[in-house]
Amino acid sequence: MRVWQTFWVLFVLVPLTIAWAFSVFDIFRRSDLSGWAKAVWFVVVLVLPWFGTFLYLIFRPREVTPEIARAQSAAREAYEKSLATDQIAKLSALHTQGELTDQEYAAAKAHILLSLGGGTAAPSAATSAATSAH
């Protein structure tokens with residue numbers, strides 16, 4: 001076998017075959033595609049093996065599993081909490097410098113906690129703590 005034939009087989013034909021097999025198996029394992037969508041994709045990949053495989057890999061819909069959705073939601077909540085913590089820390093620094101009154105600090109902190117989804121209990125506790133310190 002010549003060098004170019006080996007190159008062609010190992011670096012072009014084998015990866016394309018693996019991609020084609022992945023596409024065929026992926027079409028049938030997906031639970032978010034309807035039966036008709038699976039049939040259409042299978043026919044496209046079967047009739048036009050390489051081109052159909054590239055089309056499938058480019059245009060296939062992303063599958064969002066419940067685990068991925070929960071992880072994304074948890075990451076979003078953690079990010080929002082870290083932003084709220086930073087904002088409250090900045091407010092606290094402004095309050096200790098005397099640039100915010102107790103009422104302004106309590107109102108701003110309550111607003112941040114409400115936007116975070118803290119409900120009404122946390123802002124009222126913050127407001128009562130700020131007014132009792134005054």
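Figure 1. Helix 2 covers residues 35-47, 13 residues in total. From first C-alpha to last, helix 2 reaches 18 Å, close to the 18 Å expected at 1.5 Å a residue.

**Figure 2. The buried face of helix 2.** Which residues of helix 2 are buried? They are Lys38, Trp41 and Val45. Viewed down the axis of helix 2, these buried residues fall within an arc of 70°, so they line one face of the helix. An α-helix has 3.6 residues a turn, so residues three or four places apart point the same way. The buried residues of helix 2 pack against two partners: helix 1 (3-29) and helix 3 (49-59).

Figure 3. Lys38 belongs to helix 2. Is Lys38 buried or exposed? Lys38 has a relative accessible area of 18%, and buried means under 20%, so Lys38 is buried. Leaving out residues up to four places away in sequence, Lys38 touches Ile27, Phe28, Arg30 and Leu33.

Figure 4. Leu46 is another residue found in helix 2. Leu46 has a relative accessible area of 47% and is partly exposed. Look from Leu46 to Val24: the two are 22 residues apart in sequence. In space, their C-alpha atoms are 8.4 Å apart.

**Figure 5. Thr53 in helix 3.** Thr53 lies in helix 3. Its relative accessibility is 2%, and Thr53 counts as buried. What does Thr53 contact, leaving aside neighbours within four places in sequence? The contacts are Ala19, Trp20, Ser23, Val45 and Leu48. Val45 is also one of the buried residues of helix 2.

**Figure 6. Aromatic rings in helix 1.** The count of aromatic pairs comes to four. In one of them, the rings of Trp4 and Phe7 have their centres 5.8 Å apart and their planes at 80°, so the pair is edge-to-face. Trp4 and Phe7 are three residues apart in helix 1, about one helical turn. Trp4 is exposed, at 67% relative accessible area. Phe7 is partly exposed, at 40%. Ring pairs join Trp4, Phe7 and Phe11 into a cluster.

Figure 7. The largest nonpolar core has seven residues: Ala84, Ile88, Leu91, Leu100, Tyr105, Ile112 and Leu113. Helix 4 (66-97) and helix 5 (102-116) each supply at least two residues of this core. In soluble globular proteins, nonpolar side chains tend to be buried together.

**Figure 8. Confidence along the chain.** The chain averages a pLDDT of 82, and 85% of the residues score at least 70. Which elements have the lowest and the highest mean pLDDT? Helix 6 (residues 121-133) has the lowest, 46, and helix 2 the highest, 92. The pLDDT is below 50 over residues 119-134. Beyond near neighbours in sequence, this stretch has 12 contacts in the model. Where pLDDT is low, the predicted coordinates should not be read in detail.

Conventions. Residues numbered from 1 in each chain as written. Heavy atoms only, no water. Helix = DSSP H or I, 4+ residues; strand = E, 2+ residues; numbered from the N terminus. Expected span 1.5 Å × (residues − 1). Buried < 20%, exposed > 50% of the residue type's maximum accessible area, 1.4 Å probe, protein only. Arc of directions from axis to C-beta. Contact = heavy atoms within 4.5 Å. Phe/Tyr/Trp six-rings, centres within 6.5 Å; stacked < 30°, edge-to-face > 60°. Core = buried A, V, L, I, M, F, W, Y, C linked by side-chain atoms within 4.5 Å. pLDDT = per-residue confidence, 0-100.
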